Amino acid sequence: LQKIVCLALNGAVYIYLDRVTLAVSESGDNQNAAIDKLMSDLLKIAKRWKVWICVVSHLRKTVNGMKSFENGAIPTEDDLKGSGSLKQIPMQTFALSRDKYSEDEVTRNTTHYHVLKDRYTGRTGQHYGSFCFDDESGRLVALDDFQVQGSTDFQPQ
């Protein structure tokens, strides 16, 4: 928390905390209580110094018979691993999904962006854009709907 405050005081506007479970890993047996406190403290920091803090969270394992996240299942807020405060406190919640094991290379390397919660606009949706990994640049490149539908002749622009 001190490092995040220091970043905010030194002009950072966007701060990423990757991963929340790692940040509270030494908190003892009650990890959910530690996540609750951390999320509450992060909200206070964000409001006080007007910064945007992205908290990265792992996902819970899927139950038997359900499509796994590695196979392209779309996460929900209930799939966030840890405390319920991970879905209650944030102003926005986003999820990324992809089918890591698809036989099609474009599908396998395409990440879909989903808005699960947005208190600013109220808009949510399971598909707010897709991005394919470009090996040459090492970056995600936005795809249009035609390319996402299965075109295997992806050419980054």
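What follows is a short chat about this model.

Mentor: Ground rules before you ask: this is a predicted model, where local features need pLDDT of at least 70, side-chain atom pairs count only at pLDDT 80 or more, and totals for chains, interfaces and linings use all residues. Residues are numbered from 1 along each chain as its sequence is written, and side-chain values use heavy atoms, with hydrogens and water left out.

Trainee: In what order do the elements of the chain run from the N terminus on?

Mentor: Elements here are DSSP runs, helices being H or I with at least four residues and strands E with at least two, numbered from the N terminus. The chain has six helices and six strands. Reading from the N terminus, the order is α-β-α-α-β-α-β-α-β-β-β-α.

Trainee: What percentage of the residues of the chain count as buried?

Mentor: Buried means under 20% relative accessible area, exposed over 50%, and partly exposed in between, using a 1.4 Å probe and protein chains only. The chain has 157 residues, and the buried share is 33%.

Trainee: Is Tyr-16 buried or exposed?

Mentor: Tyr-16 sits in strand 1. Its relative accessible area is 57%, and the cut-off for exposed is over 50%. So Tyr-16 is exposed.

Trainee: And how big a box do the C-alpha atoms of the chain fill?

Mentor: The box is taken along the principal axes. For the C-alpha atoms, that gives roughly 45 × 40 × 30 Å.
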